[in-house]
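Subject: Structure handover

Hello,

Here is the structure I said I would pass on. My notes on it follow below.

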Amino acid sequence: MSSSIVDPADPVFRLHRGGKMAVASTVPLTSREDLSLAYTPGVARVCEAIAADPGVADDYTWAAHTVAVVTDGSAVLGLGNIGPRAALPVMEGKAVLFKQFAGVDAVPVCLDTQDVDEIVAVVRALAPSFGGINLEDISAPRCFEVERRLDEALDIPVFHDDQHGTAIVVLAALRNAATLLNRKLGDLRVAVSGAGAAGVAVTKMLVAGGVDPDQVVVCDSKGIIGRHRAGLTGTKAELAAMTNADGREGDIAEALRGADVLIGVSGGQIPEQAVAGMAAGGIVFALANPTPEVHPEVAARHVAVVATGRSDYPNQINNVLAFPGVFRGALDARATRITDGMKVAAADAIAGVVAESLTTEAIVPSPLDPRVAPAVAEAVAEAARRDGVTR
């Protein structure tokens, strides 16, 4: 079936034709002996060994180096709820990035359900085939419950990249920006625009990394989140309890008044005059794609360091700096979960790659920097062992 949207001459469509990945054998199958070893009768001996000791599967199947990239298609890139079939090209792309940057095999799993109970049940049932679960493009607030329940149910790492991948790279970038400006994380006043999956995770990650929660103000579409807001539930109630110690009320302009840092993860536009109200020598991370909350050239009029989520401006906050190495390290350590300590270690490793060459236009490595994934993997594996979450 053809579509008027499809342009076979477009290089994007040419690249995607037939998909971006395939399954390849790692063993020869050129003789009867090869067949007898790889399949029957030889394979039965491996099956019996695993049945007797399930831990043997880590060494004799692909599970120890393979993750499932799971989505329900409800929050795909900036496209919204486009469904599982339309999400598949993104999940294939994610799998290719896993392989390219960290040597991790990944399988797209696009589920034709957006029911939390069904998602959890299906992923639990699929889990024996994988060493980790990467949740992707599942809308908030359902994503929080899906991750929490799977994390509790499974003995393999579960990681919602839209939350934690973004948060890890933000912490790395903020650590380096603060260093460049001779500031300490604990002294920064931070405004977070957006209280969805990324906003919640970024806030928690910054606090875990050393930002004072009393100096953080989070805004959603209704304004500043705080104890003054009636009817807050779930993660927003949690944010209200841990942030905004001064009890600020109002809109994003009030949140930014005197702030040192703006982190935009909302997609909503922020007026220039609100940015102008920030403290001198500030930092703006405007991460919405394709249109940042504040245009980087506008932000640069008022602050010292600007980052975006785009590849055509300096300081791209890109999840690919985090997730391949995080899973590589977790798999190498045979971790049963991913802890806050592992995430902070990943952020520190990312920051460390460019720590000796910081400039206002290079506070994070390039997404193509080959040093990043190995550094993150080593730090995450060490943190997993230190946190006691290895098999």
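Helix H8 is mostly covered, with 17 of its 20 residues buried. Please bear in mind that this is a predicted model. The length of H8 was checked against expectation: at 1.5 Å a residue, the helix, which covers residues 161-180, should span 28 Å, and its end C-alpha atoms are 27 Å apart, so the two agree. After H8 comes Asn 182, which has a positive phi, near 60°.

Next, the sheet. Four strands form an open sheet in the order S2-S1-S3-S4, and the pairing is parallel. The edges are taken by S2 (105-110) and S4 (158-160); each has a single partner strand, so one side of each has no neighbour in the sheet. On average, neighbouring strands are turned by 20° against each other, direction ignored. Strand S1 (residues 66-71) runs parallel to S2 and is joined to it by 6 bridges. In one of these strands, S2, Val 109 is the bridge partner of Val 70.

Two helices lie across S3 and S4. Helix H7 (residues 142-153) lies across S3 (132-135) and S4, and runs at about 170° to S4. H8 also lies across S3 and S4, but its angle to S4 is about 75°.

H7 has a helix partner as well. It packs with helix H6 (residues 116-126) at an angle of about 35°, the axes being 10 Å apart. The crossing of H6 and H7 is right-handed. On the H6 side the contact is made by Val 116, Asp 117, Ile 119, Val 120, Val 123 and Arg 124, and on the H7 side by Arg 142, Glu 145, Val 146, Arg 149, Leu 150 and Ala 153. Sorted by class, the contact of H6 with H7 has 7 nonpolar and 5 charged residues, and no polar ones.

Leu 111 sits in the loop between S2 and H6. Is Leu 111 buried or exposed? Its relative accessibility is 9%, and because the cut-off for buried is under 20%, Leu 111 counts as buried. Leaving out residues up to four places away in sequence, Leu 111 touches Val 70, Thr 71, Asp 72, Pro 84, Ile 119, Val 122 and Val 123. Leu 111 and Arg 85 are 26 residues apart in sequence, with a C-alpha to C-alpha distance of 8.6 Å.

Regards

Definitions and conventions:
Residues numbered from 1 in each chain as written. Predicted model: local features only at pLDDT ≥ 70, side-chain atom pairs only at ≥ 80, totals over all residues. Heavy atoms only, no water. Expected span 1.5 Å × (residues − 1). Buried < 20%, exposed > 50% of the residue type's maximum accessible area, 1.4 Å probe, protein only. Pairing = 2+ DSSP bridges. Axes fitted to C-alpha atoms, helices over the stretch in contact; angles between N-to-C directions. Contact = heavy atoms within 4.5 Å. Left-handed = near helix turned anticlockwise from the far one by under 90°. Nonpolar A, V, L, I, M, F, W, Y, C, P; charged D, E, K, R; others polar.
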